[in-house]
Amino acid sequence: MNHAERLAAFVALGHRLTALSPEEITTLAARARNQNAWFDEPSVAAAVAGIAHMLSEAPLRHWASRYPAEPTTVHQIGVVMAGNIPMVGFHDLLCVLLSGHVLLAKLSADDTVLMTWLIDEITRLEPRFAAFIQILPRLNAADAFIATGSDNTARYFEYYFGKKPHLIRRNRTSVAVLTGQETSEELAKLGPDIFQYYGLGCRNVSKLFVPTDYSFVPLLDALQTCEGVLNHHKYNNNYDYNKSILLVNRVAHFDNGFLLLRPSPALVSPISVVHYAEYASEVDLVDQLTDIAAQTQCVVSAGGRFAGSLPFGQAQSPGVDEYADRVDTMEFLAQLP
């Protein structure tokens with residue numbers, strides 16, 4: 001299989017995902033939710049749409065053209081996949097296979113149903129990929145490694161994979177910058193950045209940066225359109241638990257009935273909670289963002305007006321050229337000897 005044929009297979013997969021019927025999505029989501037209760041139909045549908053967007057033909061071909069068409073040597077790449085949101089391991093699968101290497105995949109126990117389905121789909125569209133994909137419990141045979149996990153598991157990965165080429169990712173999260181000048185329509189667009197996948201992804205906003213004496217009322221009102229998250233029992237349980245903790249400990253916070261906002265220096269927040277910090281000036285804001293840059297996946301602001309940020313509502317729709325931890329996976333693979 002040459003590069004053009006591999007690329008054509010992924011273009012076809014994009015078309016296949018775009019054409020999935022509502023009934024197919026419902027059936028797939030039901031299977032996924034039996035394994036992982038967080039993977040409900042809205043989450044699975046969003047993940048499918050996100051991958052289809054990633055495989056849009058023109059941007060996909062433009063992105064692929066930036067890298068060598070064929071590897072110098074075909075390697076076996078061991079990939080330890082995360083399972084925090086549906087099919088989050090797809091981008092690594094895409095990079096390994098499109099670059100011409102063999103994928104040795106260790107699937108997350110939380111996301112075997114969807115990833116196995118996705119692998120079945122790509123091999124159905126291009127049967128020759130079957131020789132390039134293995135799902136394994138251990139990755140001893142790999143020549144290089146890509147692993148995604150928490151800061152704690154990253155230390156384990158460094159020890160276990162350190163003698164071979166490796167790309168190891170750690171905890172990341174995303175933040176939003178507000179100025180107090182946003183319209184209600186703009187604030188409403190922040191909802192998916194916070195609530196899609198129930199806040200479980202690295203592209204979910206877990207912290208807000210707001211000007212001193214910011215009024216949260218317009219934001220909390222604008223986010224009312226997202227109150228349906230309470231229909232998920234696990235999110236509802238997290239909300240009730242975290243609200244109780246804040247009340248018992250008399251921690252100052254804002255509450256709109258399904259989201260808790262509290263001041264905190266911490267970057268990562270529990271499910272149903274978003275932290276916030278104030279800034280006194282733009283210089284102060286830039287300093288604070290610089291301090292957390294190594295732990296930040298993306299920054300969002302209204303209309304993307306803050307330098308280097310994405311517009312509200314776009315955090316969960318990464319393009320194919322947006323890498324986890326901002327480390328170029330394709331370049332890593334291209335540089336293997």
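This note walks through a predicted model, point by point.

1. **The nonpolar core.** Start with the largest nonpolar core, which has 91 residues. Four of its members touch the most other members: Phe10, Trp63, Phe90 and Leu208. Helix H5, residues 90-98, supplies the largest share of this core, seven residues. As background, nonpolar side chains in soluble globular proteins tend to be buried together.

2. **Phenylalanine 90.** Look at Phe90 next. Which residues does phenylalanine 90 touch, not counting those up to four places away in sequence? Phenylalanine 90 touches Phe10, Leu13, Ile51, Met54, Leu55, Met115 and Leu118.

3. **Helix H5.** How many of the nine residues of H5 are buried? Nine of the nine are, so H5 is largely enclosed by the rest of the structure. The buried residues are Phe90, His91, Asp92, Leu93, Leu94, Cys95, Val96, Leu97 and Leu98. Check what follows the helix, too. Glycine 100 comes after H5, and its phi is positive, near 95°.

4. **Helices H2 and H3.** Two packed helices are described by the angle between their axes and the distance between the axes. Here, H2 covers residues 22-35 and H3 covers residues 41-54. They pack at an angle of about 115°, and their axes are 9 Å apart. The crossing of H2 and H3 is right-handed. On the H2 side, the contact is made by Pro22, Ile25, Thr26, Leu28, Ala29 and Ala32. H3 contributes Glu41, Val44, Ala45 and Val48. Of the residues in this contact, eight are nonpolar, one is polar and one is charged.

5. **Tryptophan 117.** This residue sits in helix H6, residues 112-125. Is tryptophan 117 buried or exposed? Tryptophan 117 counts as buried, because its relative accessibility is 12% and the cut-off for buried is under 20%. Leave aside its neighbours within four places in sequence. Tryptophan 117 is then in contact with Leu17, Leu20, Leu28, Arg31 and Met87. Leu28 also belongs to the H2 side of the contact with H3. Tryptophan 117 and glycine 149 are 32 residues apart in sequence. In space, their C-alpha atoms are 22 Å apart.

6. **Cysteines without a bond.** How many disulfides does the structure hold? The structure holds zero. Take cysteine 202 as an example. Its closest cysteine sulfur is in cysteine 298, 7.4 Å away, which is too far for a bond. A disulfide needs the two sulfur atoms within 2.5 Å. The search from cysteine 298 leads back to cysteine 202, at 7.4 Å. Their surroundings can be compared as well. Cysteine 202 is partly exposed, with a relative accessible area of 27%, whereas cysteine 298 is buried at 6% relative accessibility.

7. **Histidine 275.** Strand E10, residues 273-279, holds histidine 275. Histidine 275 counts as buried because its relative accessibility is 5%. Not counting residues up to four places away in sequence, histidine 275 touches Ser206, Lys207, Leu208, Arg262, Ser264, Ala266, Val268, Ser269 and Pro270.

8. **Valine 177.** Strand E6, residues 173-177, includes valine 177. Its relative accessible area is 3%, so valine 177 is buried. How far apart in sequence and in space are valine 177 and tyrosine 279? They are 102 residues apart in sequence, and 9.9 Å apart in space, C-alpha to C-alpha. Beyond its neighbours within four places in sequence, valine 177 is in contact with Glu182, Phe209, Leu285, Leu289, Val299, Val300, Ser301, Phe306 and Phe312.

9. **Positive phi at two loop residues.** Most residues other than glycine have a negative phi. Now check tyrosine 197 and arginine 250. Tyrosine 197 has a positive phi, near 60°, and lies in the loop between helix H8 (184-195) and strand E7 (205-211). Arginine 250 has a positive phi of about 55° although it is not a glycine. Its place is the loop between helix H10 (233-248) and strand E8 (254-255). Which of these is buried and which is exposed? Tyrosine 197 is buried, at 7% relative accessible area. Arginine 250 counts as exposed, because its relative accessibility is 79%.

Definitions and conventions. Residues are numbered from 1 along each chain as its sequence is written. This is a predicted model: local features need pLDDT of at least 70, side-chain atom pairs count only at pLDDT 80 or more; totals for chains, interfaces and linings use all residues. Side-chain values use heavy atoms; hydrogens and water are left out. A nonpolar core is a set of buried Ala, Val, Leu, Ile, Met, Phe, Trp, Tyr and Cys residues joined through side-chain atoms within 4.5 Å. Buried means under 20% relative accessible area, exposed over 50%, partly exposed in between (1.4 Å probe, protein chains only). Helices (H or I, at least four residues) and strands (E, at least two) are DSSP runs, numbered from the N terminus. Contact means heavy atoms within 4.5 Å. Axes are lines fitted to C-alpha atoms, for helices over the stretch in contact, and angles run from 0 to 180 degrees between N-to-C directions. A crossing is left-handed if the near helix is turned anticlockwise from the far one by less than a right angle, and right-handed if clockwise. Ala, Val, Leu, Ile, Met, Phe, Trp, Tyr, Cys and Pro count as nonpolar, Asp, Glu, Lys and Arg as charged, and the others, Gly among them, as polar.
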